[in-house]
Amino acid sequence: MNKVILMGRLTREPEIRYSSGNEPTAIVRYTLAVDRRYKRQGEEQTADFINCLVFGRGAEFAEKYLHKGIKIVVSGRIQTGSYT
């Protein structure tokens, strides 16, 4: 099972583009700043910056309603890549 739920703030405006082909699909990219749960005494709060990718109707929704600094919750799966 590969499922993740993240809550954080958008670090910048979502970027939309459309795929090429007979039926173009909307694709949105944004980065989510997710605060770490624990912080050590005397240290500042730290965050992880997660790159997110949304397709189709979800991408159109994100482009229309999501803006820099807004707090959101997303559900999806994690996919990592490696390069040689």
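**Notes on the pocket and a few residues**

1. By class, 10 nonpolar, four polar and two charged residues make up the lining of the largest pocket. Here Ala, Val, Leu, Ile, Met, Phe, Trp, Tyr, Cys and Pro count as nonpolar, Asp, Glu, Lys and Arg as charged, and the others, Gly among them, as polar. Please keep in mind that this is a predicted model, in which local features need pLDDT of at least 70 and side-chain atom pairs count only at pLDDT 80 or more, while totals for chains, interfaces and linings use all residues. Residues are numbered from 1 along each chain as its sequence is written, and side-chain values use heavy atoms, with hydrogens and water left out.

2. How much space lies in the largest pocket? The volume is about 610 Å³, and of the 16 lining residues, N51, C52, L53, R77 and Q79 are the closest to its centre. A pocket is an open set of points on a 1 Å grid over the protein atoms alone, where a 1.4 Å probe fits, with protein on both sides within 12 Å along at least five of seven lines; lining residues have an atom within 4 Å of a point. Points are joined across faces, edges and corners, and the volume is the space filled by probe spheres set on them.

3. Which strand gives the most to that lining? Strand 4 does, with six residues. Strand 1 (4–10), strand 3 (26–35), strand 4 (47–55) and strand 5 (71–76) each supply at least two. Helices (H or I, at least four residues) and strands (E, at least two) are DSSP runs, numbered from the N terminus.

4. C52 is worth a look, as a residue of strand 4. C52 is buried because its relative accessible area is 13%; buried means under 20%, exposed over 50% and partly exposed in between (1.4 Å probe, protein chains only). Leaving aside neighbours within four places in sequence, C52 is in contact (heavy atoms within 4.5 Å) with V28, R29, Y30 and L32.

5. T31 sits in strand 3 and counts as buried, because its relative accessibility is 8%. Its side chain makes polar contacts with the side chains of R12 (3.3 Å) and N51 (3.1 Å). A polar contact is a pair of N or O atoms within 3.5 Å; within protein, one must be able to donate a hydrogen and the other to accept it, and residues adjacent in sequence count only if both atoms are side-chain atoms. Not counting residues up to four places away in sequence, T31 touches R9, L10, T11, R12, F49, I50 and N51.

6. Is D35 buried or exposed? D35, also in strand 3, counts as exposed because its relative accessibility is 53%. D35 and Q45 are 10 residues apart along the chain, with 7.1 Å between their C-alpha atoms.

7. Now for the rings. There is one aromatic pair: F61 and Y65, tilted, at 4.8 Å centre to centre and 45° between the planes. Rings of Phe, Tyr and Trp (its six-membered ring) pair if their centres lie within 6.5 Å; planes under 30 degrees apart count as stacked, over 60 as edge-to-face and the rest as tilted. F61 and Y65 lie four residues apart in helix 1 (residues 57–65), about one turn of the helix. Y65 counts as partly exposed, because its relative accessibility is 45%.

8. Finally, L66 lies in the loop between helix 1 and strand 5. L66 counts as buried because its relative accessibility is 11%. Leaving aside neighbours within four places in sequence, L66 is in contact with L10, E13, P14, F61 and I72.
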